[in-house]
Amino acid sequence: MSQAPLSPEQMRRALALVREHGTVTAAARAAGMPRQTLSHQYREAQRLGVDLAKPRVRVSAGSAPHEAEPVDPSRPVFKNPPPPVAFTEPTRFQFETDGRHEFTFGALGDTHLCSKYERLDVLNDLYDHFEAEGISTVFHTGNWIDGEARFNVHDVTVHGMDAQCRYLARHYPARRGITTYAVAGDDHEGWYGQRTGVNIGAYAEKAFRDANRADWHDLGFMEAPVTLTDPASGAKATIAVVHPGGGSAYAVSYTMQKFVEALDGGEKPAIALLGHYHKLNAGNFRNIWGVQTGCTQDQTPFMRKKKIDAHIGGYIIRATMDPRTGAIVRCRFDMLRYFNRGYYGGRWSHSGDVVLPARGLGAA
């Protein structure tokens, strides 16, 4: 005899119960229902990819963003994230230039919270600068947490996907009127997604909502276009927020150049923000304003071994749009750079706290 079709509510409840209690057996016991029944509901929810629609937010430059719709506390995030979309497709987030056809925003990435080498002092100082400049929008290019892999498990201070996302929601800077829009990388936070199929970007966004914070939004997986509109003329441009892959190159600008070269004509964004490489660099490549957004993590043992430098800092970017064509005809990059006064000198440790050098926010 065939079973009656399950309702979306039944499947969402099954996902929420298993997420809360860890296993089907424990969840069924807590809910007072047969394990076989809950197991069927849970398997069907996973098979069908049950999920809820994400909120839509429209933001005007120079003003606080509209508050996001609340996230359903039972929202499952087991579904794999969708593939990246073309940079020319319509986007979920819309931003507007000001009365002078300008859009000013903050850009950063690779914050790697939960790492022994995180720089929360730098991250908070960056947001102090953003607040002082009246910025309401910040784009994060991914690797917001350090995640866990075989080679970094002793370099993190917080273990577990849920614990790291909640640490992020507790410690990531909150400033009045500032909202952060972040892509999820395929590595670090993305390692959790690779192992479990969790949509880690949605999971982190929910952690912020659980912490009563509406100032963090998931842009998507690896690559996300956002639309910039001039309200007076209706002209539009695209900003791409990207966490690419691969290693650093011999020349700082090389990875940005290769990213741009790989884009087909007609799909190029006006501005591309790239994380992953822990470098600060800006320029114009094939008519794209390209920015590598730096990091707020000190050089790790892995980076030192691979001879990879860490550029600690971020950007304030002012983009000017031609209201007739939508082209970004002027882009000013205000780099915020931070330095250490020393090296580790062999004082890294996989067995305990790392011995840090003297640190400075402004002087080498």
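A crossing of two helices is left-handed if the near helix is turned anticlockwise from the far one by less than a right angle, and right-handed if clockwise. Keep that in mind for the first stop.

Some housekeeping: this is a predicted model, where local features need pLDDT of at least 70, side-chain atom pairs count only at pLDDT 80 or more, and totals for chains, interfaces and linings use all residues. Residues are numbered from 1 along each chain as its sequence is written, and side-chain values use heavy atoms, with hydrogens and water left out.

**Stop 1: two helices**

Select residues 161-171 (helix 5) and 200-210 (helix 7). Helices (H or I, at least four residues) and strands (E, at least two) are DSSP runs, numbered from the N terminus. The two axes come within 8 Å and cross at roughly 55°; axes here are lines fitted to C-alpha atoms, for helices over the stretch in contact, and angles run from 0 to 180 degrees between N-to-C directions. Helix 5 and helix 7 are therefore oblique to each other (under 35 degrees is roughly parallel, over 145 roughly antiparallel, 65 to 115 roughly perpendicular, the rest oblique). Their crossing is right-handed.

Now show side chains. From helix 5, M161, D162, C165, R166, L168 and A169 meet I200, Y203, A204, A207, F208 and D210 of helix 7, contact meaning heavy atoms within 4.5 Å. That set splits into nine nonpolar, no polar and three charged residues (Ala, Val, Leu, Ile, Met, Phe, Trp, Tyr, Cys and Pro are nonpolar, Asp, Glu, Lys and Arg charged, the others, Gly among them, polar).

Stay on helix 7: 10 of its 11 residues are buried, so it is largely enclosed by the rest of the structure. Buried means under 20% relative accessible area, exposed over 50%, partly exposed in between (1.4 Å probe, protein chains only).

**Stop 2: aromatic rings**

The whole structure has 16 aromatic pairs. Rings of Phe, Tyr and Trp (its six-membered ring) pair if their centres lie within 6.5 Å; planes under 30 degrees apart are stacked, over 60 edge-to-face, the rest tilted.

Select F93 and Y181: this edge-to-face pair sits 5.1 Å centre to centre, with 70° between the planes. F93 belongs to strand 2 and Y181 to strand 5, 88 residues apart. F93 is buried at 2%, and Y181 is buried at 0%.

Next, Y315 and F333, also edge-to-face, at 6.3 Å and 75°. Y315 is in strand 12 and F333 in strand 13, so the pair ties together parts 18 residues apart in sequence. Y315 is buried at 1%, while F333 is partly exposed at 27%.

Finally, select F93, F95, F103, F105, F139 and Y181, which form one aromatic cluster.
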